[in-house]
Amino acid sequence: MTQTDVLTDRPTFKALQPLADQLANASVEQLFATDPDRASKYSAEAAGLHLDYSKHLLDDTALAALLALATEVNLPACAAALLGGELINNTEHRPALHTLLRANAASGLDNLYEEVTSTRERMCYWADRLNAGEQTGFSDQVITDVVNIGIGGSDLGPRLVTEALRPFQGDIACHYVANVDPADLHDTLAALNPHTTLFIICSKSFKTQETLTNGLAARDWLLRAGANDTQLARHFLAMTTNLEAAAAFGIAPEHCLPLWDWVGGRYSVWSAVGLSCAIAVGWTNFEAFLDGARDMDEHFVSTPPERNLPMLLSLLELWYSNTMGAGNHVVLPYDNSLQRLPDFLQQLTMESNGKRVTHSGIEVTYQTGPVLWGSAGTMGQHSFHQLLHQGTRLCPADFILPLRTHTGMEEQHTQLVANCLAQSRAMMVGRTLEEATQALQQRGLGDDAATSLAPHLAMPGNRPNSTISFDSVNPTTLGALLALYEHRTYCSGQLWGVNPFDQWGVELGKEIGVQIHDELNGKGGDTAMDPSTRALISRWRQAKH
């Protein structure tokens, strides 16, 4: 850490606002006109990914000032601290070693690395066993379906990876249940056979209320189908550290894979939490997924900020959040297989950096953790892109563009690529009032009518956006893409001075949830409730009875 962890106390940050004010109404198109090499200068590559950030409200002076801030915070040292296993999670006094899960060596962390490699071997065993048809259920029928039961990081990452890598999947179908709403589990099980279904319970503590509730319902489903208590073991694996609770549930220790407190849930898809992914796509493809992330790790820790993809994305996030008033960030994957990416990144970004105090507990007076949102193109073009082009909010955008498709449907993919590039360009160039008037006149409108309608067609342009492109969605590029956003999130936390590896803000809701659950079951005692909550509880009781 440097002398201060308060962003607004840093001299280099104070230099940014005047530059942002100068560029707030700049013409990005004009910036291209004055610098023919802008597209190549404002781009970088690593781990199979290409970042084009040339369409941003940024010039050489502002970029240099942002890089000076990266130097003051010492982002390269922060990267080394992360990968080196330093205790960067200061509120919980532990490292954040998700990068160790995809490493192929670990100087100075040999004992932990041995645990990781041992767990990888067990993951490989189960992935190979299931895909070879060697695991049978209580009636000796071969397991054909796997249901992962988890929530948050135990669901979002594995679900995204499994769906994104569908072209690489084998014969085992993997399904995901997260919501404690009974409809989630009910609808998933409706199409499955209890004789051929295996469940993976992902809960580090084996106490997560939503996960355990769904796990118990899954166990009852098997018992009703004819399984006995002894046979249940064939149908369950667990990702947990609480072997005693898992055993009480009916899961033997040899069916439990470990999780570690130095891996946060939103960073855990690389761990045993990713077993469902490894089962779905096979161990070789899962290893390639780890390899892609490791390539990004190596780039992150060895490349100076001016060419470092995660650091550049983080500086851009700060630029818009803290000097231009953008409280949000939109991610637009132009590949249907990546439609879950915004969901995954929402947790990664907002649970990590949605903090109001610095590492040292000082309350911040600036924005941290912008709201992240988005959906797959081209659906968004027919819903929220109107706001992106003509709305009053500044919405910095990331376009995610695979250059090739697995489908073989080249013309449709060409249309998809055209849509992506058109949206990116339209956000930049916009349409002037004069251009709108001329377009209406060319449609046959008279001068007065065209003049009257033109303001509704005009678009300001200069809407900042990046394009991250790569060959295709495959295990390696997907691993690199997720690691890129992990490191971007970490760097933003360092710039803002917050700890991106704790999540104390989720605790209070859990505690109150237990109190209200007891109240709903008539065990509330003297627990204090506000009048609104008591009235809503009363409405629930009336509806139930």
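Predicted model: local features only at pLDDT ≥ 70, side-chain atom pairs only at ≥ 80, totals over all residues.
## Serine 337

Serine 337 lies in the loop that runs between strand S8 (328-333) and helix H15 (341-353). Its relative accessibility is 18%, so serine 337 counts as buried, the cut-off being under 20%.

The side chain of serine 337 makes a polar contact with the side chain of aspartate 335, at 2.5 Å. Beyond its neighbours within four places in sequence, serine 337 is in contact with Glu163, Ala164 and Val473.

## Helices H15 and H20

Helix H15 packs with helix H20 (residues 475-496) at an angle of about 25°, and their axes are 10 Å apart. The two helices are therefore roughly parallel to each other, as angles under 35 degrees are classed that way. The crossing of H15 past H20 is right-handed.

On the H15 side, the contact is made by Leu341, Phe344, Leu345, Leu348, Thr349, Ser352 and Asn353. H20 contributes residues including Leu481, Leu482, Tyr485, Arg488 and Trp496. Sorted by class, the contact of H15 with H20 has eight nonpolar, six polar and two charged residues.

## Arginine 94

Arginine 94 is placed in the loop between helix H6 (75-83) and helix H7 (110-131). With a relative accessibility of 23%, arginine 94 counts as partly exposed.

Its side chain makes a polar contact with the side chain of glutamate 92 (3.3 Å), and the arginine 94 side chain also reaches the backbone oxygen of aspartate 261 at 2.9 Å. Leaving aside neighbours within four places in sequence, arginine 94 is in contact with Leu87, Ile88, Asn89 and Asp261. Arginine 94 and leucine 403 are 309 residues apart along the chain, and their C-alpha atoms are separated by 40 Å.

Note on methods
Residues numbered from 1 in each chain as written. Heavy atoms only, no water. Helix = DSSP H or I, 4+ residues; strand = E, 2+ residues; numbered from the N terminus. Buried < 20%, exposed > 50% of the residue type's maximum accessible area, 1.4 Å probe, protein only. Polar contact = N/O pair within 3.5 Å; in protein donor to acceptor, adjacent residues only side chain to side chain. Contact = heavy atoms within 4.5 Å. Axes fitted to C-alpha atoms, helices over the stretch in contact; angles between N-to-C directions. Parallel < 35°, antiparallel > 145°, perpendicular 65-115°, else oblique. Left-handed = near helix turned anticlockwise from the far one by under 90°. Nonpolar A, V, L, I, M, F, W, Y, C, P; charged D, E, K, R; others polar.
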